[in-house]
Amino acid sequence: MSQLLVSRRSFLQGTAAGLVAAGSFSRQAYAADVTIGIVYVGPRDDFGWNQAHAVAVQALKSLPGVKAVEEENVPETDACAKSMESMVNLDGAKIVLGTSFGYFDPFMVDLAKKYAKVEFRHAAPLWNASKHPKNLGSYFGYLNQAHYVDGIAAGLSTKSNKLGFVAAKPISSVLSNINSFMLGAKKTNPNAVVQVIFTGDWSLPVREAEAVNALIDAGCDVITCHVDGPKVVVETAEKRGVRTCGHNASQAPLAPKGFITGAEYKWETIYKSYAAALAKGEKLPNMTSGGYEADMVRNSPFGAGASPEARNAATAAIAGLKAKQPIYVGPLKDNKGKVVIDKTYDNLDPYLDQMNYLLEGVVGSIT
Amino acid sequence: MEGGRAACSQVLWWKPMVDVAEPLLATTTQPALEWRMDIAVRIRSSAEYIAIPLIALAVSSLLFALFLLALGKSPALFFELVVRGGFGTAFSIQNTLQRSAPLILTALAVAVPARIGLVMIGGEGALVMGGFAAATVAIPLVLTEAPPMITLILMAAAGAAVGAIWVGIAGILRHARGVNETISSLLLTYIGIAIMNFFVEGSLRDLTNPNKPSTMPLGEAYMVGKIPGTEVHWGLAVGILFAIVLYILLSRTTFGFAVRISGGNPRAALAQGLPVGKLVVACCCIAGACAGVAGFFEVAAIQGRANASLVAGYGFTGILVSFLARHNPLAIIPVAILFGGIVASGGLVQRRMDLPDATVLLLQGLTFVVLLVSETLYGRFKIFQVRGTTDRT
């Protein structure tokens, strides 16, 4: 993301140089062997979900023989189907990536049936071999591993032992991030508790700011979140002088004093693998997923808010995750006292995808 | 919106005078001559209604071209891409028509109240509530495997009824309590979205879909199909039908006449014994029903379920379309298609010119502002004026 900002500014500054280079560049682009289309639900510079994808596409564009066409702010209606179809028909895209949950069913499913020679991939684990076409598929990253690393660093950064989490909706992927963050914090600071506030939707900036203020007023001194664009959360916390952990993309430039680290997707690993497979004429996998062990998530570079101890502990935790050390070491109880995780589960175990509880150590309710 | 409001009431003020003047003229001149004169007058005065919006479009395009030049981008390429992406290929035309389908209905939801002098911007809420009602009504019918045709008719009726109630509330508040309808309809939109989210995430949630709260899917058998030979769903045909019916209703019936009189001067209308309050509420209900039907099509032809994706901004784009069409139901059809084309080509512009999506929004905004300004030009060009008919402005 910081790369994106810099590239934009340098683009403005270097227009003259750009004009000279433009001729040769566009010829290169048209000679591309593989065209990849990508559709975003929001703006590409949202400091969040969409930006994480846009950063990866930017990396993809640097590969020789790859052309990427992008479209932002495409709603989850038939507009997204038409945008993707337009990429296939007018741009000759060989693979189309849909990055918003609601694009999949019915839009991408129908498109895959209609354009059997084009590959469609969607950024959520929804593809089902028995129901869906073979030229459709899913990819996603286990971001909860990076939230666990956030927790490790946050546990060593708090003085009040209260960590605040601003969450959008109580669905399994969000709950898994909250629980992993808490388990990370407990690992380095057994007294830490995570207080969570659900805002109710993916992008409610006003309510997100209110939630941050409420958490800080309740004594939290490290704030993190799982909302679409964490900009407001991180900026509000920075203004109040508390530390923050990020989500989706790097928010480090928004919090020059308090940023510790953040959970980020590393979509370029997946996108580059798609481009490489297409260039070689290989069949793309239908399901691509993983966490640190597959280099599909990462933590933002440490900010000024990260102490040397926090940095060391987080770096060690990352090495552990790469070696597949489990996060969920059972048995674990939910915050109402019921045992919900009976044994130790592997980090990618499908059982954990069905999470519908907050673990002991998290203050908050999902109902 | 204040400017828009002043402009539209200015237009409405004069409209009814035409109807009053015509029968008087007919009795005083020879019928055949009158008829020929009338045609000439009509062509001249309607030329004004076509020429001024076209000039406004040209001016806004020119301003936008300057903006592109300032960014170092080629305006020629931009307009070429708009034509290609919106209208240039068979695929592009289908793309455009599909995007314009909901806009016709949501623009009608603005146009009808505008004729009675209201600036009603709650189409988005009525669309969401209508779509949600349609999806909810469908749940027991789909579960009991009711005949698809009956199910769809009931869904459409539920969508229209709930949409009508939603905008109707703003109408009643306006009439009974004098609450500003622009504000109340906008706020009702947010309430409508919140109500849908509340049920979709709560009691009506389909539990087989853990990550995106939605109502139960309708299933293939219960979906509205495409217009044969195209990929555009029936919502486009229904939208065009509604536009024609509402045009006739507003311009060729006593109801429409009473609406325009009330919009022009409510006090004079009351003095004449017209039921202004009832007319206000009726117009709002018609408007809400149009948006509600748009919501029904979003659910039954596109999404197959109700969820947060219904909130796609069609209701708000409809405001722009209606103002551009000067709240004329017939003019809404081509304007909605023009807009559909601009939005459809927006993607191609983003992809080929490396411009952000906001570029197309900027073009829309410029167009809107220039059109509002152009409202002041009516009646100022001598070429369009016919002697003795200045009241036709």
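In the predicted model, helix H4 of chain B passes helix H12 of chain B in a right-handed crossing. H4(B) spans residues 90–115 and H12(B) residues 314–324, and the two pack at an angle of about 65°, with their axes 7 Å apart. Because angles of 65 to 115 degrees count as roughly perpendicular, H4(B) and H12(B) are placed in that class. On the side of H4(B), the contact is made by Pro102(B), Leu103(B), Thr106(B), Ala107(B), Val110(B) and Ala111(B), and these residues meet a set in H12(B) that comprises Tyr314(B), Gly315(B), Thr317(B), Gly318(B), Ile319(B), Val321(B), Ser322(B) and Phe323(B). Classified by residue type, the contact of H4(B) with H12(B) contains 9 nonpolar and 5 polar residues, while charged residues are absent.

In chain A, an open sheet of 7 strands is found, with mixed pairing and the strand order S12-S10-S9-S8-S6-S7-S15. Its edges are formed by strand S12 (297–299) and strand S15 (362–363) of chain A, each of which pairs on one side only. Within this sheet, strand S6 (residues 162–167) and strand S7 (residues 193–198) of chain A run parallel and are joined by 6 bridges; in this pairing, Lys162(A) stands opposite Val193(A) of S7(A). Helix H7 of chain A, which covers residues 172–188, packs on the sheet and touches S6, S7, strand S8 (222–226), strand S9 (243–248) and S15 of chain A. The direction of H7(A) makes about 160° with that of S7(A).

Notes:
Residues are numbered from 1 along each chain as its sequence is written. Chains are lettered from A and ligands numbered from 1 in the order in which they are written. This is a predicted model: local features need pLDDT of at least 70, side-chain atom pairs count only at pLDDT 80 or more; totals for chains, interfaces and linings use all residues. Side-chain values use heavy atoms; hydrogens and water are left out. Axes are lines fitted to C-alpha atoms, for helices over the stretch in contact, and angles run from 0 to 180 degrees between N-to-C directions. Helices (H or I, at least four residues) and strands (E, at least two) are DSSP runs, numbered from the N terminus. Angles under 35 degrees count as roughly parallel, over 145 as roughly antiparallel, 65 to 115 as roughly perpendicular and the rest as oblique. A crossing is left-handed if the near helix is turned anticlockwise from the far one by less than a right angle, and right-handed if clockwise. Contact means heavy atoms within 4.5 Å. Ala, Val, Leu, Ile, Met, Phe, Trp, Tyr, Cys and Pro count as nonpolar, Asp, Glu, Lys and Arg as charged, and the others, Gly among them, as polar. Two strands pair if DSSP finds at least two bridges between them.
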